[in-house]
Amino acid sequence: MLVVLTVLASGAVSGGGASSHDPGQSGRAQQVLRAEPSYEPKLENVLVQARQPGGALFADDPAQRAAVQDLLTTLGRTPGVVTGLRSPLDSPQQVSKDRHSGLVTFFVAGPNNQMTRHYRAVTTAVAQVTARHPDVRVVQAGDRSLDNAVDDAVQSDFHRSETISLPITAVILLLVFGSLVAAAVPLLLAAATVAATFGLVSVVGTWVPVNSAASSMILLVGVAVSVDYALFYLRREREERAAGQDVAQALRTSARTSGRVVVVSGVTVTLCVAGLLFTGLDNFRGLAVGTAMIVALAVLASVTLLPALLAVLGWRVEAIRLPFLGRRRAQARPSRLWLGIAGAVVRRPLLWGGAAAVLLLVMAAPALGIHLQDAGPTNSLPRSVAAVDGAVRMQQAFPGAPSPAKVVVSGPVDDAALATTVDRLHDEIAASNGLLNEPLSVTRIDQSVMIRVPLAGAGTDPQSNHALESLRDRVLPGTVGKLPGVRYAVAGRTAFAYDFTHQVRRTMPMVFAFVLVLAFFLLAAAFRTWTVPLLSIALNLLSIGAAYGVLTWVFQDGHLGSVLGFTSYGGVVDWLPLFMFVLLFGLSMDYHIFILSRIRERWSAGAPARTATVDGVGASAGVVTSAATIMTAVFSVFIVLSAIEYKMLGLGMAIAVLIDATIVRGILLPAGMSLLGERAWTSSRRRPACRIPDPSAGPDASADPARREAAVTTTGRFGR
């Protein structure tokens, strides 16, 4: 009923979604432009140059001049499509300093409702001219073309990731459960959760901005946690049935044990993701709200829809088994491999734990030199994207032309003093260190004025940031800032990346502190001890630090570029470490809580601390391995996408999950629990003096870990 109601609610919502606001000065400039009735005119550039490097000079090359003239003629056949046309045929400033290239610039004309049609006419004209002059390079890059290239790449990348990851998940589930029906249960749970969530997102999206990239991330996180929770529940229900319980008893025991784990895990993930709200960034706000909703709904479905579905299916959940695999999977036995590893670790915890900790610290070492820097379109997407290739070539021939700073001036802009100030502004820029002595473009937008200022550098690198700081802090206050009643703010790609990165850096300590403190209190409340939460947090920090180190070594230092298909730009995307920390801390807690709950169950039943640790790791191995395999496969899909940001995200998340499911789960956690011994649970409630076996488990229940667990949990002692 909830799914039906949310879907119906989404259909009842009318109108567009909420608009996001950029941080800092970029956001103030954005608000001024949005208040104007007209849209911001989109500046487009067309580069014309010889295809061979160092070819003929533009002035001496009839082929280049003919291509420019053809473009002007073609654009002129559709009157009113462009305004402010400037050509290298009549303006020496439109010829590059090395005199080998020419630049045609123009604004896509309005009015607002015609701007899209006019842009299409422009791109058609450029394509026709390119086809008619194959011996000359004619490429377009500008405000609209670069935005479209980024949007198309993001949508294409996430569509590919969804198309590839969902079938991979289905295949892994089939291998994990060995039964077609059992494998379909987690997928059904995920489908119900996703349907309900996006119904709510459509409603909430009228107040909270949720873009397409955030929607795709919400989908992937929702599928991951839904499958995890279904695995927790199904594995336990199988163990109970294998121990001799009927379906009803098995479901009650699963609800009391794995159901509780799902609730604790879900609350932990939801509240950890809520830490993104402290950034004050709209991009993260929509992602945090959507992710919190889908995790909460996954928990709700896991404790309602899932047991109801299993009760209806009964023993038929094992139907349509895979040959040679289905029967063995249905037995749900503890893993001999992980039992053996855990046993070896608890015998020598200092040796194994110390070696594993040193390994992760070595992996994390490169992160000490991490440099946060937005990629920008030219570094994010491959040169095979036409607009990106054009922007790179344009930047080389006409520095600052593809992504200039946009100075938005508001107030008494009709004052004649503003025109004089613009001339002074150009003189100040020419004399300023780090700014380019290039022509300024001045555009009137209703009651505002936009001044485009070319910046040195590649757009988001330190050189561009230095030029932006000089413009904001020295040049503008001494010119435009002295006009009475006039207000200004600097926007543009460089300014947005600069403001976004500074906002992330400023709020990152607050987010980290919130997540760490919250995780400690949640785990302390769940296990009623303070030693286990501290150990879990330390292990999570080790695995996340190692993932940061791998990211820095690969992408910032430029290793494995040819293998992974990227070109290093000397940094790591600014939002990625924060996003990874919050998401990984929440998701990895799923594994920790599940494993620790199994260990605590054994300890509560009277087993010594080390024995309980070994048994708990072995009993949870099937679920953790399966969940980690699915999550690693899903995130690994991101590595083959085109944008470098998603390659970083995929590699970082996949590495962290692998570390968490192998080194942390198999070595560090058993070593830490072994060193703590009985002290790990001393602040918990006193455990029972003896174990009361369940008669239905048989006389040999204590010999087998799975059967012993059934004997313990049917007495209702989990949680004591």
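The legends below describe close-up views of a predicted model.

**View 1. The open four-stranded sheet built from β1 to β4.** In this sheet the strands follow the order β2-β3-β1-β4, and their pairing is antiparallel. The edge positions belong to β2 (82–86) and β4 (136–142), each of which pairs on one side only. Neighbouring strands are turned against each other by 20° on average, direction ignored. Strand β1 (residues 42–50) pairs with β4 in the antiparallel sense over seven bridges, and within this pairing V48 has V138 of β4 as its bridge partner. Helix α16 (residues 386–397) lies across β1, β3 and β4, and runs at about 100° to β4.

View 2. G110 and P111 are joined by a cis peptide bond, for which omega is about 5°. The proline of this pair, P111, is placed in the loop that lies between β3 (101–108) and α4 (115–132).

**View 3. The loop that holds I320.** Between α11 (305–313) and α12 (326–330) runs a loop in which I320 is found. The phi angle of I320 is near 55°, which is a positive value in a residue other than glycine.

**View 4. The crossing of helices α13 and α23.** Two packed helices are described by the angle between their axes and the distance between the axes. Here the axes of α13 (residues 336–347) and α23 (residues 609–637) come within 8 Å and cross at roughly 145°, and the crossing is right-handed. From α13, the residues W338, L339, A342, G343 and V346 take part in the contact, where they meet R610, T613, V614, D615, V617, G618, A621 and T625 of α23. Sorted by class, this contact of α13 with α23 comprises seven nonpolar, four polar and two charged residues.

**View 5. The open four-stranded sheet built from β5 to β8.** The four strands are arranged in the order β6-β7-β5-β8 with antiparallel pairing. Because β6 (441–445) and β8 (487–491) stand at the edges and have a single partner strand each, one side of each is left without a neighbour in the sheet. From one strand to the next, the twist averages 20°.

**View 6. The β5–β7 pairing and the helices that contact this sheet.** Six bridges connect β5 (residues 405–410) with β7 (residues 448–453) in the antiparallel sense, and S410 has S448 in β7 as its bridge partner. Helix α2 (residues 24–34) lies across β5, β6, β7 and β8, running at about 115° to β8. Helix α18 (residues 462–475) also packs on the sheet, where it touches β5, β7 and β8, and its direction makes about 175° with that of β8.

**View 7. Helix α19, its bend and the residue that follows it.** Helix α19 covers residues 493–527, and because its 35 residues should span 51 Å at 1.5 Å a residue, the 48 Å between its end C-alpha atoms agrees with expectation. At T507 the helix α19 bends by about 40°, and a proline, P509, follows within four residues. Just after α19, R528 adopts a positive phi of about 55°.

Definitions and conventions
Residues numbered from 1 in each chain as written. Predicted model: local features only at pLDDT ≥ 70, side-chain atom pairs only at ≥ 80, totals over all residues. Heavy atoms only, no water. Helix = DSSP H or I, 4+ residues; strand = E, 2+ residues; numbered from the N terminus. Expected span 1.5 Å × (residues − 1). Bend = angle between axes of the 7 residues up to and from the residue. Pairing = 2+ DSSP bridges. Axes fitted to C-alpha atoms, helices over the stretch in contact; angles between N-to-C directions. Contact = heavy atoms within 4.5 Å. Left-handed = near helix turned anticlockwise from the far one by under 90°. Nonpolar A, V, L, I, M, F, W, Y, C, P; charged D, E, K, R; others polar.
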